[in-house]
Amino acid sequence: MKFRRVRFKNFRLLRDLELEFSTSDEHPLTVIRAENETGKTTMLNALQWALFGNDGLPDGGDLYRLHPIDWDESQAKTVPIEVELEFEHRYEREDKKTGQWIENTEVYLAYRRTTETIVNPNQWNRATDSFDLMRKSDRGFTPVPGGELALRQILESNLKDLFFTDGDRALSFITSEISVGEKRKRVQKAIRDLLGFDILQTAISHVRKAGAEIRGQVKEAGGTDDLQKVAARISDLETKIADAEKRSDTIELQLSQMAVDIDSVEQKIAVASAKGDKEQLIQELRSKRDELASARTLLDRVRRDHSALFSQEALPTGLLSEYVQRAGAMLNELKAKGRIPRTAIPVLQERLELGVCICGTKLEPGHPTYEHIKALIEEQQQASETDDRLTNLRLIANQRIALLESDDEAWGSGVKKVVERRNELEARIQTLEGEVKVLDAKVDELPETDVAFLRDHRRKLRQTRENLIRDKGINDADLRRYQQDKKQADEDWATLSKKQKLSRRIQSRLTAADDMLAVIAKSYAAIEQSEIPQVSDYMNKYFLEMIVADPQQNAIIRKAEVTSSYDIGVWGPLDRYLDPDRDLNGASRRALTLAFILALTEVSGTKAPNVIDTPLGMMSGQVKQSVLRTAISHSTQLVLFLTRSEIRDCEEILDKEAGVVVTLSSSAHYPKMLRNDPGASWRKVLSCKCNHHQYCAVCERTGDADNSALSLRK
Amino acid sequence: MPVNQRRFVEVFRETCAEVPERFPGYRHVLLEAVADVMTAEREHSIRHTQIQQKVSDVCDRLGDSLAADSGEEGGQRAKRKR
């Protein structure tokens, strides 16, 4: 299918607009240039509505208003809405005589219309839409019977999300916002829809049932009870096999989901553990607090000891030890010189009492010698009080010095020890206080991460996985048994039916049904086995092309793959897995999903337009150019809605590859963004044929005239 | 047509070649019957039809043609065809 032309009438702001598309094989690209709020998404929806009806509108279309928001009710309460899409359909047909495949092209017109009656500004009633499909012939367009159904033969409705998408929506194949199971379902559905697997599978089921029905006719065909029983057994086993296969697939999917869930919980545990296990942290905090409390108690005790030292007798000695030592030395020196203690006074007094000096002179009062000795005694008596004090001091000093030098428990060493202990404890307390503070903060930082809860959750998940593995084992064993039983039943059937000469008609019908079943089932297996790896290979090729990665060189991204379990994965160096949603940047994510869509299109041989809104957002430079080139070279027809910023750096590619470029402008942007008055009474989207090098009276925006890269198109 | 019809036909043809030629031209008739089933399935995927009946009819027709063409009468008919 290729779009040729489209006309919109009153579809939102597409009040009256007609566009042509490029149908050239050499230039399959149509560029619709439009800034934000200029009808890009509206046009995408309108095209989908034309082809798929309300299914093509957001959320089934019930709440999606089709008429222009500023419709003038005074003009009419009922708004006619139309989209007319002309397209060509190329298809291959096998010439049964020659066996050659012949390509045919037919031109059709899809014409959908409805009306909306405005009840109030927020309420409207939409009439059932009507659709006509017309084929072009020499006589013009003639209606095709069963219009909508005929269109579905050309383009099935379940393909709309693949061929009509936007850069964000395409990411749904890899987004981590949905479960792995859901992502797989989407990828699987896209592959199955496009490659026709579902049709093959339902065909298998219907042919199998047809076979069972034929066996059910055994009785009428003259079969004995034994044969009837075998027929019933085969039918029963076929049902059981189908159920078991289905269950096996379901468990397989659940197991894959479980593996991802467990992995996710383990990652959370790892992250939480890197920050600190909350439970362990609380334990550690508790222990540190205990340690701090005991250090504080010890410090109090040491402080008391310290204080007690100041009430001891040894305090002065301790405090004055240096002076005591010096005084002791001086006093001992005085003693050594005989200055203390003085012993002359008692001898002199004795002489005075005897009345005779040691020299024999009589000592009588008034005698000069007597008077001299008396004066000497008085003088010495005055000096002896000092001497006594010094002598006492010397004795005390020596005692203290002895105490200071000999006793380990002496005050000085006691004080030293206490002070050291106190300093040590104070430092320890300071450290502990710091540690408690840090732990407190860490615990506060982890209010939501309950590692214990996560571990418990992991344990439960592992348990569920174990149960699933066990269920799968049982189911697979059942399946094998059913298959063996079925084989045996088939043999029994063959033996019994031969013996009983079952009517040729029934036998032949059964053989025919079995042959058909074998052909379709084997073909399905062959197609499934070969097509998925092909999709994967093409996706890998396109993706690496798009992101300009060379696995032979030093590229971080080495390979992209669709796995047999329908996961889209990316691998880096050393075959390390990269989560597409987590480990790829925005540009690579978009490139990957576009590569997947293009690969599917390629393998399925589908020839339909890829209509993509804002595909190059978040991309720049070489990657943007490569994505564009790859998309163009692998599309039958490519219609891109691009903003000016997306076009930047890609102008040369568009010059070379684009068959048609049109520019859309919104009259609502005048006068702020649009330079010229569009003269429209109502808001609407306008179009012109300007390309990315031009501007005109319709599309000129503020600054265009000053932009040397743009020229005025008259 | 979303499904690669050409690819399907190729694979069906290859797989039919593995089925015994129960009467001359049986594989070709079988291939056509499979194609009929696939067409019916495709139609059914677009709009609801009596698909089981249609598939059963195709199986029966193929079986009847096998009964007719592989029996004595069928053998003579095949000879006449040749």
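Chain A contains 19 helices and 18 strands, taken as DSSP runs numbered from the N terminus (H or I over at least four residues for helices, E over at least two for strands). The model is predicted, and local features need pLDDT of at least 70, side-chain atom pairs count only at pLDDT 80 or more, and totals for chains, interfaces and linings use all residues. Residues are numbered from 1 along each chain as its sequence is written, while chains are lettered from A in the order in which they are written.

Of the 714 residues of chain A, 31% are buried, that is, with 20 or more other C-beta atoms within 10 Å of their own, the C-beta atoms being placed from the backbone.

Turning to the partner chain, 41 residues of chain A are in contact with 36 residues of chain B. Two or more residues each come from β4 (78-94), α2 (147-154), α4 (180-195), α5 (197-215) and α14 (504-546) of chain A. The biggest share belongs to α14(A), which gives 17 residues. By class, this side of chain A has 19 nonpolar (Ala, Val, Leu, Ile, Met, Phe, Trp, Tyr, Cys and Pro), 12 charged (Asp, Glu, Lys and Arg) and 10 polar residues (the others, Gly among them).

Within chain A, α14(A) also packs against α17 (residues 621-633) at an angle of about 140°, with the axes 7 Å apart; axes are lines fitted to C-alpha atoms over the stretch in contact, and angles run from 0 to 180 degrees between N-to-C directions. Y542(A), E545(A) and M546(A) of α14(A) meet V623(A), S626(A), V627(A) and T630(A) of α17(A).

Notes. Buried ≥ 20, exposed ≤ 12 C-beta atoms within 10 Å, placed from the backbone. Contact = placed C-beta atoms within 7 Å.
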